[in-house]
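I opened this notebook to record what I looked up in the structure, entry by entry. The notes are meant for a reader who is new to it.

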Amino acid sequence: MTTLLSPEIDTVGELTDRCDRCGAAAKLEVTLTSGGDLAFCGHHANRMHAEIARVASKVRVEEGFVWAGK
Ligand SMILES: [Zn+2]
């Protein structure tokens, strides 16, 4: 069994990004361990929480949004 590293999670004010999957307002911004950035709406952030946690070094969650990967 492999041990997953937990990303560092910050709560922030309103995010201005759009979801990279569907274009809805982002609730979660991710900094990847590989260097890039991704943004997800609430729907995609929760549906892909396991994948996000696996590749993220840092996660910024909009205040008030409850993320399944936390
Ligand atoms: Zn989305």
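**Entry 1: the zinc site**

I looked up the protein donors of the zinc ion and found Cys 19 (SG), Cys 22 (SG), Cys 41 (SG) and His 44 (ND1), lying 2.0 to 2.4 Å from it. Donors are N, O and S atoms within 2.8 Å of the metal (3.2 Å for Na, K and Ca); water is not among the atoms, so sites may look incomplete.

I note that this is a predicted model, in which local features need pLDDT of at least 70 and side-chain atom pairs count only at pLDDT 80 or more, while totals for chains, interfaces and linings use all residues. Residues are numbered from 1 along each chain as its sequence is written, and side-chain values use heavy atoms, with hydrogens and water left out.

Why is the arrangement around the zinc ion tetrahedral? The four donor atoms subtend angles of 105 to 114°, and the arrangement is therefore tetrahedral. Four donors count as tetrahedral if all angles lie between 85 and 135 degrees; four count as square planar and six as octahedral if opposite donors are over 155 degrees apart and all others between 65 and 115; anything else is irregular. For reference, the ideal angle at a metal with four tetrahedral donors is 109.5 degrees.

Along the sequence, I read the spacing of the donor residues as C-x2-C-x18-C-x2-H.

I checked accessibility next (buried means under 20% relative accessible area, exposed over 50%, partly exposed in between, with a 1.4 Å probe and protein chains only). Cys 19 is buried, at a relative accessible area of 5%, whereas Cys 22 is partly exposed, at 44%. His 44 is buried, with 9%.

His 44 belongs to helix H1 (residues 42–47). Helices (H or I, at least four residues) and strands (E, at least two) are DSSP runs, numbered from the N terminus.

I then listed contacts, meaning heavy atoms within 4.5 Å. Not counting residues up to four places away in sequence, His 44 touches Cys 19, Arg 21, Cys 22 and Ile 52.

Ala 24 sits in the loop between strand E1 (8–12) and E2, and is partly exposed at 30% relative accessibility. Leaving aside neighbours within four places in sequence, I found Ala 24 in contact with Asp 17, Arg 18, Cys 19 and Cys 41.

**Entry 2: the nonpolar core**

Which residues form the largest nonpolar core? I found twelve: Leu 28, Val 30, Leu 32, Phe 40, Ala 45, Met 48, Ile 52, Ala 56, Val 59, Val 61, Phe 65 and Trp 67. E2 and strand E4 (56–62) are the elements that give two or more residues to this core. A nonpolar core is a set of buried Ala, Val, Leu, Ile, Met, Phe, Trp, Tyr and Cys residues joined through side-chain atoms within 4.5 Å. In soluble globular proteins, nonpolar side chains tend to be buried together.

Ile 52 touches Leu 28, Val 30, Phe 40, His 44, Ala 45 and Trp 67, not counting residues up to four places away in sequence.

Val 59, in strand E4, is buried, with a relative accessible area of 0%. Among the residues that Val 59 touches are Pro 7, Ile 9, Leu 28, Glu 29 and Trp 67.

Ala 56, also in strand E4, is buried at 5% relative accessibility. Beyond four places in sequence, Ala 56 touches Pro 7, Val 30, Thr 31, Leu 32 and Thr 33.

Is Glu 29 buried or exposed? Glu 29, found in strand E2, is buried, with a relative accessible area of 12%. The contacts of Glu 29 include Leu 15, Asp 17, Lys 58, Val 59 and Arg 60.

Thr 31 lies in strand E2 (residues 28–32). I looked for polar contacts of this side chain (pairs of N or O atoms within 3.5 Å; within protein, one must be able to donate a hydrogen and the other to accept it, and residues adjacent in sequence count only if both atoms are side-chain atoms). One of 3.1 Å joins the side chains of Thr 31 and Asp 37, and another of 3.3 Å joins those of Thr 31 and Arg 60.
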